[in-house]
Amino acid sequence: MNNQDLHSIHIPIDKLKAREKVAVYQAKKKQKVQRNASLSLLAACTLALTVLSSGFVFTGMAQALSTLPFVGPIYEQFNEIASATIKENKLATAIDKKDTHHGFSMTVKEAAYDGGRMMMTIIYESPHKLSMDEEKVGYSFIKINNQDPNVAIGSATTDQLDDHTIVEYHQFAFKSPTQYGNEINVSMNGENLFGQRGKWEVSFPLKKVKGDHKEFQPSAAVKTLDGQYSISSKSVTFSPLSTRIDLNVMYPAILDTNDHWPMYDYMVMDSNGRKYDALDIQEGTSGAYGHDIVIILPPMKEVPSSLTVLPRYGDKQGHSLTKEDLILNIKLH
């Protein structure tokens, strides 16, 4: 694993239970790297946090960052599922707050929040050479309303633009689609970052994006003939930043004792024939042992009449299910 693909994210141990939080961000064109520690912290808690190495080189990016009130192009570079909507509707909130010590500055450029999901772009700058070496990147953590956020899906992507400039993108899907209210207080914290000694903190209020927020609680369910495997819908939430599907998954209890979650990888199709896969889908779990699944899709301009959820699994996971066994059709109208 390339050290440049890593930036350690600190997650307090007392907030974790084994396999309770999983972050998966699938990418077809970008390298997917699962890091297993903070480095040892995440491994100890069996939390898989996926970091995408974008490795892009954008000529003049560092100069452009200082003049852009909104950094929409960054979202596009990081394959943010809502980037087109953010750009079209100007949903990102310009923050432009920084904390500077010894010449090194941590600047939160912008953020967006819809009640159940949040995104944020941070710029690190220093007159001294910054290092992406594993032992020097330090760690960062985010607090919401002065508490550690309960996260179902989370990813952080870091790119070094030049020796003195690093850009970072964070995205979180919270355990509940309505976990927080219309306004939150966010604190971005960093310690000993990129070879620079010290602590940095940027705090700011963040309001929920304007636009339609719709939540459905359809009673859709499907199970195998023997009743051992089932999927049921808990809720479907539409917001300007995402389409969220919350599912409850049941499978034999013996599988709780290992890491072979039989129904974790999904594909979704809407009633208009669009397929959501690869860069168009994020998956995580909001409960223990993968029974409460969260699926995040791009925002939709109109609510489709239905969504079809197709789990994908294979014999390598130690069971005999086939793709035809469990196909969940969620009707929304």
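In strand E10, glutamate 168 is the bridge partner of threonine 158. Strand E9 and strand E10, the latter spanning residues 165–174, pair in the antiparallel sense over 10 bridges; two strands are taken to pair if DSSP finds at least two bridges between them. Strands (E, at least two residues) and helices (H or I, at least four residues) are DSSP runs, numbered from the N terminus. The model is predicted: local features need pLDDT of at least 70 and side-chain atom pairs count only at pLDDT 80 or more, whereas totals for chains, interfaces and linings use all residues. Residues are numbered from 1 along each chain as its sequence is written, and side-chain values use heavy atoms, with hydrogens and water left out.

E9 and E10 belong to an open sheet of five strands, in the order E5-E6-E7-E10-E9, with antiparallel pairing. The edges are held by strand E5 (93–101) and strand E9 (151–162), each of which has a single partner strand, so one side of each is left without a neighbour in the sheet. On average, neighbouring strands of this sheet are turned by 15° against each other, direction ignored; the axes are lines fitted to C-alpha atoms, for helices over the stretch in contact, and angles run from 0 to 180 degrees between N-to-C directions. E5 and E6 run antiparallel and are joined by seven bridges, with threonine 93 opposite alanine 111 in E6. These two strands, E5 and E6, form a hairpin with two residues between them, and histidine 102 in the turn has a positive phi of about 55°.

A further hairpin is formed by E19 and E20, with six residues between them; in its turn, tyrosine 289 has a positive phi of about 60°. E19 pairs with strand E20 (residues 292–297) in the antiparallel sense over four bridges, and glycine 284 stands opposite valine 294 in E20. Buried denotes a relative accessible area under 20%, exposed one over 50%, and partly exposed the range in between (1.4 Å probe, protein chains only).

A search of the whole structure for aromatic pairs finds six. Rings of Phe, Tyr and Trp (its six-membered ring) pair if their centres lie within 6.5 Å; planes under 30 degrees apart count as stacked, over 60 as edge-to-face and the rest as tilted. One of the pairs, phenylalanine 104 with tyrosine 124, is stacked, at 6.1 Å centre to centre and 20° between the planes. Phenylalanine 104 lies in strand E6 (residues 104–113) and tyrosine 124 in strand E7 (residues 117–125), so this pair ties together parts that are 20 residues apart in sequence. Phenylalanine 104 is buried at 0% relative accessibility, and tyrosine 124 is buried with a relative accessible area of 0%. Tyrosine 139 and phenylalanine 141 also form a stacked pair, at 6.3 Å centre to centre with 25° between the planes; tyrosine 139 is partly exposed, its relative accessible area being 26%. Phe104 and Tyr124 form one aromatic cluster together with Phe194 and Trp200.

For the protein as a whole, the secondary structure comes to four helices and 22 strands. Of its 333 residues, 56% count as buried. Among contacts (heavy atoms within 4.5 Å) with a separation of 6 or more, 67% are accounted for by residues 24 or more positions apart.
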